[in-house]
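Please look over the sequence and the structure below, and then follow the explanation through its annotated span, its surface and its charged pairs.

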Amino acid sequence: MTKQNKAFKFRLLPNKEQEVLLAKTFGCVRFVYNKMLAERKETYEKLKDDKETLKKQKFPTPAKYKDEF
């Protein structure tokens, strides 16, 4: 028996107020993602020679930035 996948396509038609809210939300998400990525890259550059410590390293989550931003 083969597995069949289904896909659904949705189209959003927000009003002006919703467009502004979506733009702000996606801007904030992008900002936090880039902060997390920069921190991960920085940690990797520091620990790239020590693979064991790098594996044990805990990376940040979005919750870490909640209070600051």
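The end C-alpha atoms of residues 1-46 lie 50 Å apart, and this span is 67% helix and 0% strand, where helices (H or I, at least four residues) and strands (E, at least two) are DSSP runs numbered from the N terminus. For residues 1-46, an unreviewed UniProt entry lists "domain: Transposase putative helix-turn-helix"; UniProt positions are given in the numbering used here, feature names are shortened, and annotations may be inferred rather than shown by experiment. The model is a predicted one, in which local features need pLDDT of at least 70 and side-chain atom pairs count only at pLDDT 80 or more, while totals for chains, interfaces and linings use all residues. Residues are numbered from 1 along each chain as its sequence is written, and side-chain values use heavy atoms, with hydrogens and water left out.

Leu12, Leu22 and Phe26 make a nonpolar surface patch of about 330 Å². Of these residues, Leu22 lies in helix H1, which covers residues 16-47, and Leu22 counts as partly exposed because its relative accessibility is 35% (buried means under 20% relative accessible area, exposed over 50%, and partly exposed in between, with a 1.4 Å probe and protein chains only).

Turning to charged side chains, the structure holds four salt bridges, each defined as a side-chain nitrogen of Lys or Arg within 4 Å of a carboxyl oxygen of Asp or Glu. Side chains of opposite charge can pair when their charged atoms come close. One of the bridges joins Glu19 and Lys16 at 3.9 Å, N to O, and both residues lie in helix H1, three residues apart, about one turn of the helix. Glu19 is partly exposed, with a relative accessible area of 38%, whereas Lys16, at 65%, is exposed.

A further salt bridge is formed by the side chains of Lys64 and Glu39, at 2.7 Å from N to O. Because Lys64 lies in the segment after helix H2 (51-56) and Glu39 in helix H1, this pair ties together parts that are 25 residues apart in sequence. Lys64 is partly exposed, with a relative accessible area of 47%, and Glu39 also counts as partly exposed, at 26% relative accessibility.

Glu42 forms a salt bridge with Lys46, with the closest N and O atoms 3.6 Å apart. Glu42 and Lys46 are four residues apart in helix H1, so about one helical turn separates them. Glu42 is partly exposed, at a relative accessible area of 47%, while Lys46 counts as exposed, at 63% relative accessibility.

Note on methods
Patches are made of residues with over 30% relative accessible area and no salt bridge: like charges are joined within 9 Å, nonpolar side chains (Val, Leu, Ile, Met, Phe, Trp, Tyr) within 5 Å. Accessible areas come from the Shrake-Rupley method with a 1.4 Å probe; for residues, only the protein chains shown count as cover.
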